[in-house]
Amino acid sequence: MKPILAAITILFSASSFAAVSQGEYVARASDCIACHTVDGGQAMAGGKKFATPVGDIYSTNITPDKTHGIGNYSYEDFEKAVRQGIAKDGHALYPAMPYPSYAKMTDEDVKALYDYFMKDVTPAATANKENDIPLLLSARWPLRVWNGLFVDDVKSGGVVVDASGDNAEKIKRGAYLVQGPGHCGACHTPRGIAMQEKGYDDSSPEFLSGAMIDGWYAPSLRGMNMSTQEVKDLLSKGRSQHHAIAGPMGEVVTQSTQYLTDADLEAIALYIANFKPQKPAATPVNTAVLSQPSDGKTLYMRYCSTCHSPDGKGTDYNVPSLVGNSAVMAKDPSSLIRVIADGAHTPQTQGTIPFMMPGYKGILSDKEMTDVVNYVRGTWGNGAPAATEAEVKKITGEGK
């Protein structure tokens with residue numbers, strides 16, 4: 001077990017939720033450990049690097065250590081940092097901290113979270129790392145302007161949701177988890193020119209409409225063609241009857257969503273299902289792809305069909321189907337290319353064995369990989385636009 005997973009196991013034991021405090025549960029739902037724990041470091045002690053357009057920033061120590069952490073924070077200080085992005089000494093936090101989403105968290109949850117950090121998290125005497133941002137770009141005052149433009153209208157404790165009927169209360173709970181502590185929009189919502197999320201709730205058509213994150217395409221969650229049970233399985237196990245999770249979302253499942261109660265998983269699934277399907281933008285489809293290029297088909301049959309089957313349907317609860325798969329059909333093919341090039345594995349979760357797929361970079365040429373990508377995107381009714389060899393080269397050439 002990697003050190004980071006060991007830390008997670010210690011901090012977030014696999015006990016029943018009856019034995020878990022509200023604050024610990026909110027910390028799990030908010031995925032605090034993902035950003036504030038570096039691989040091999042103590043849980044919540046900070047130091048994880050995030051690349052931003054202005055330079056690299058490092059997460060801070062949020063243990064109750066009084067010298068390096070938040071041990072001297074009052075509840076008012078803590079609340080201001082979590083929901084307004086203002087540290088105890090008054091400096092503005094970078095919005096890599098998802099405080100625009102946390103602004104929607106209720107007083108009850110924020111208070112429980114504060115109690116958990118102060119009483120149950122082990123203090124770590126780990127100094128915070130200096131951010132690697134050029135001096136001319138390191139001023140913090142523009143962040144207050146940023147907050148005024150993009151965050152101040154996000155109301156504390158409030159979510160926007162259009163729900164009615166028998167499941168209305170469950171859908172509202174799901175909206176709260178997705179918009180607030182879960183901060184799903186941080187990855188699944190496209191960013192504007194100032195790196196702001198283009199929407200923070202379902203009143204915006206951009207909210208959860210898909211976005212690039214860490215070189216992967218986080219697919220749109222609007223109008224997903226999945227059953228409630230499949231969404232619940234993906235969030236709790238990392239794979240379902242026909243789908244599997246790979247890339248950055250795997251960390252979210254491992255560290256956060258697998259620990260949610262069945263009721264909350266159902267609430268999230270119902271909220272996502274509540275979105276009305278968007279009318280897709282007219283995209284020219286490469287007819288050469290739809291005609292199933294013979295070289296791509298031959299390569300697929302040689303390297304992929306053993307697991308994914310010749311008809312692309314995979315095997316239930318084991319190998320994901322490629323038919324109607326969101327990563328396969330996404331407007332941006334980056335995630336599919338990365339999985340084929342580098343391989344992938346489903347998240348580490350309780351009671352499941354991760355599914356591993358090998359990578360084919362070094363086995364297939366960029367041209368061959370492009371043919372496979374386009375065969376999969378253009379077959380079995382997927383009808384996705386063709387990827388280019390340049391898009392494949394961009395990913396296979398990383399780090400060279």
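**Helix packing and selected residues**

Analyst: The crossing of helices α18 and α19 is right-handed, a crossing being right-handed if the near helix is turned clockwise from the far one by less than a right angle, and left-handed if anticlockwise. This is a predicted model, in which local features need pLDDT of at least 70 and side-chain atom pairs count only at pLDDT 80 or more, while totals for chains, interfaces and linings use all residues. Residues are numbered from 1 along each chain as its sequence is written, and side-chain values use heavy atoms, with hydrogens and water left out.

User: What is the angle between α18 and α19, and how far apart are their axes?
Analyst: Helix α18 (residues 366-378) packs against helix α19 (residues 389-396) at about 115°, and their axes are 9 Å apart. The axes are lines fitted to C-alpha atoms, for helices over the stretch in contact, and angles run from 0 to 180 degrees between N-to-C directions.

User: Which residues meet there?
Analyst: From α18 they are D366, K367, M369 and T370, which meet E389, V392, K393 and T396 of α19, where contact means heavy atoms within 4.5 Å. The residues of this contact divide into 2 nonpolar, 2 polar and 4 charged; Ala, Val, Leu, Ile, Met, Phe, Trp, Tyr, Cys and Pro count as nonpolar, Asp, Glu, Lys and Arg as charged, and the others, Gly among them, as polar.

User: What about α4 and α6, which hand does their crossing have?
Analyst: The crossing of α4 and α6 is right-handed, and α4 packs with helix α6 (residues 107-119) at about 115°, with the axes 10 Å apart. The residues of that contact comprise 6 nonpolar, no polar and 4 charged.

User: Zooming out, how many helices and strands are in the chain?
Analyst: The protein chain has 19 helices and 6 strands, taken as DSSP runs numbered from the N terminus, with helices being H or I of at least four residues and strands E of at least two. Of its 400 residues, 50% count as buried, meaning under 20% relative accessible area, whereas exposed means over 50% and partly exposed in between (1.4 Å probe, protein chains only).

User: Which residues does UniProt list for "binding site"?
Analyst: The unreviewed UniProt entry lists C304, C307 and H308, and such annotations may be inferred rather than shown by experiment.

User: Is C304 buried or exposed?
Analyst: C304 counts as buried because its relative accessibility is 15%, and this cysteine lies in the loop between α14 (294-303) and α15 (305-308). Not counting residues up to four places away in sequence, C304 touches L299, S309 and V372.

User: And where is H308?
Analyst: H308 sits in helix α15 and is buried, with a relative accessible area of 10%. Leaving aside neighbours within four places in sequence, the contacts of H308 include Y300, K313 and M357.

User: Switching topic, what is phi for M44 and for M195?
Analyst: Phi of M44 is near 70°, a positive value in a residue other than glycine, and phi of M195 is near 65°, likewise positive. Most residues other than glycine have a negative phi.

User: Are those two buried or exposed?
Analyst: M44, in the loop between α3 (32-36) and β1 (49-52), is buried at a relative accessible area of 0%. M195, in the loop between α9 (185-188) and β3 (211-213), is partly exposed at 40%.
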